[in-house]
Amino acid sequence: MHALVNTAVSAARRAGDLIMRYRNRVHNLKVSSKGRNDFVTEVDQQAEAAIIDTIRRTYPAHGFLGEETGQQGNTEAYWIIDPLDGTTNYLHDFPMFCVSLAFCMRGQIEHGVIYDPMSQELFTASRGEGAQLDGRKIRVSNRRGLEGALIGTGFPFRGQDLHLDEYLGMLRAVITETAGIRRAGSAALDLAYVAAGRLDGFWEIGLKSWDLAAGSLMIREAGGMVSDLTGSDNYLESGNILGGSPRVHTALHKLLAPHVSEALRK
Ligand code: 2AM
Ligand code: CA
C-alpha cells in the first residue's frame with residue numbers, strides 16, 4: 001500500500017474509533033436536539049483534529065481542507081477531509097456514516113480512503129492503481145442500463161439553492177425507469193458503494209468537495225464514470241455529481257438531462 005494511503009488509513013481509523021466511542025453518549029443525551037447537535041458538532045471537530053494530527057506527524061508540510069476547519073497551509077499538496085459524513089444519521093443512531101479522506105496534489109486527487117466505523121469496512125483507492133475494499137479489488141457493477149438498476153441519491157437540503165422542482169423531476173424519472181432508489185444519507189459512503197457494485201449509480205446536487213473527493217476517485221478506479229450533471233468534470237466545484245458503472249452513468253445522464261436547469265449547469 002502507498003505510504004500516503006497507510007497514513008490516511010491510520011487517520012481514518014483513529015477518527016472512526018473516536019466516533020464510535022462517542023456514539024453511545026450521543027444517544028443517551030436526553031437534551032434538546034440543539035444540545036445533541038452541538039455535541040455532534042464537537043465529535044466532528046474532534047475527529048477532524050485527530051485526522052489532522054495523525055497526518056501532520058508524518059507529513060508536516062501538507063495542507064488541509066476540512067469540513068470543520070476549512071483551508072489551511074499548503075494548497076499544492078493537501079488533504080480533503082470529511083471527518084463524519086452522515087452527521088444526521090449519526091445523530092439518530094442510523095448506522096450509515098463514514099470518515100472520508102482524499103489526498104490532492106496540484107489539483108489532482110491521488111488517493112482516497114473511506115472508512116465505515118460501524119461495519120469496519122475500509123475502502124481505498126489510488127489514481128491509476130484501482131480501488132479496494134478491505135484490501136480486495138473492487139469493480140463497479142456490470143449492469144448494462146437502467147433496467148433493474150439500484151440508484152443512490154440524496155435529497156437537496158441547503159436553504160437557498162434547493163433546486164427542488166428540478167430534483168423532483170429527476171426523482172420521478174429515476175423512480176419510473178429503475179429497480180429502485182436508496183437515500184442512505186452519507187454521500188461519501190454511497191459513492192464507495194457504487195465503486196463496490198452495491199449501487200449501480202448515484203446522483204446528488206449541492207454537495208461540497210469533502211463529500212465527493214475520495215468517493216469519486218474510488219468510482220473511477222473501480223472502472224466507473226463520474227461527472228457533474230452536464231457530463232463535465234466540474235463536480236468538485238459545482239457539488240453536483242453523477243456517478244456509476246459506465247452504461248448506467250451514460251443512461252442516467254441522458255435521463256436527468258431534461259431536468260438540468262441553467263442554474264445547475266454552472
Ligand atoms: P455531512 O453529514 O458531512 O453533513 C447527504 O445528502 C449528504 O449531504 C451527506 O454526505 C451530508 O454530509 C451532506 N450534508 C451536508 N449538510 C447536510 C444537511 N443539513 N442535511 C443533510 N445532509 C447534509
Ligand atoms: Ca459530508
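Visitor: Let me begin with a helix: to which lining does α6 give the most, and with how many residues?

Guide: Among the contributors to the lining of the second largest pocket, α6 gives the most, namely four residues. Before going further, note that this is a predicted model, in which local features need pLDDT of at least 70 and side-chain atom pairs need 80 or more, while totals for chains, interfaces and linings use all residues. Residues are numbered from 1 along each chain as written, chains are lettered from A and ligands numbered from 1 in written order, and side-chain values use heavy atoms, without hydrogens or water.

Visitor: What counts as a pocket, and what else belongs to the second largest pocket?

Guide: On a 1 Å grid over the protein atoms alone, a pocket is an open set of points with protein on both sides within 12 Å along at least five of seven lines, whereas in a cavity a 1.4 Å probe fits but cannot get out; lining residues have an atom within 4 Å of a point. Here the second largest pocket is lined by 16 residues, and those that lie nearest its centre are Gly107, Gln108, Ile109, Tyr235 and Leu236. Two or more of its lining residues come from each of β3, β5 (108–116), α6 and α7 (235–238), where helices (H or I, at least four residues) and strands (E, at least two) are DSSP runs numbered from the N terminus.

Visitor: How much space lies in the second largest pocket, and which classes of residue line it?

Guide: About 340 Å³ of space lies there, a volume being the space filled by probe spheres set on the grid points, which are joined across faces, edges and corners. Its lining has eight nonpolar residues, with four polar and four charged ones; Ala, Val, Leu, Ile, Met, Phe, Trp, Tyr, Cys and Pro count as nonpolar, Asp, Glu, Lys and Arg as charged, and the others, Gly among them, as polar.

Visitor: And what lines the largest pocket?

Guide: The largest pocket has a volume of about 420 Å³ and 23 lining residues, with Asp85, Gly86, Thr87, Phe157 and Gly185 nearest its centre. By class, 10 of the lining residues are charged, eight are polar and five are nonpolar. At least two residues of this lining come from each of β3 (77–85), α3 (87–92), α5 (187–195) and α6 (209–221).

Visitor: Which residues coordinate the calcium ion (ligand 2)?

Guide: Donors are N, O and S atoms within 2.8 Å of a metal (3.2 Å for Na, K and Ca), and sites may look incomplete because water is not among the atoms. The calcium ion (ligand 2) is coordinated at 2.0 to 2.2 Å by OD atoms of Asp82, Asp85 and Asp211, and along the chain these donors follow the spacing D-x2-D-x125-D. Aspartate 85 in strand β3 and aspartate 211 in helix α6 thus link distant parts of the chain, 126 residues apart.

Visitor: Are aspartate 85 and aspartate 211 buried or exposed?

Guide: Buried means under 20% relative accessible area, exposed over 50%, and partly exposed in between (1.4 Å probe, protein chains only). Aspartate 85 is buried because its value is 5%, and aspartate 211, at 7%, is buried too. In α5, nine of the nine residues are buried, so this helix is largely enclosed by the rest of the structure; among them are Leu189, Asp190 and Tyr193. Just after α5, glycine 197 takes a positive phi of about 80 degrees.

Visitor: Which residues other than glycine have a positive phi?

Guide: One of them is aspartate 93, with phi near 60 degrees, in the loop between α3 and β4 (98–105); at 27% relative accessibility, aspartate 93 counts as partly exposed. Another is arginine 106, with phi near 45 degrees, in the loop between β4 and β5, and at 59% arginine 106 counts as exposed.

Visitor: In what order do the strands of the open sheet lie?

Guide: Two strands pair if DSSP finds at least two bridges between them. Five strands form this open sheet, in the order β10-β9-β11-β13-β12 with mixed pairing, and its edge strands, β10 (180–182) and β12 (225–227), each pair on one side only. Strand β11 (residues 201–204) runs antiparallel to strand β13 (residues 241–244), joined by four bridges, with glutamate 204 opposite isoleucine 241. Strand β12 pairs with β13 in the antiparallel sense over three bridges, and there valine 226 stands opposite glycine 243. From β13, Ile241 and Gly243 point one way and Leu242 and Gly244 the other way, all of them buried.
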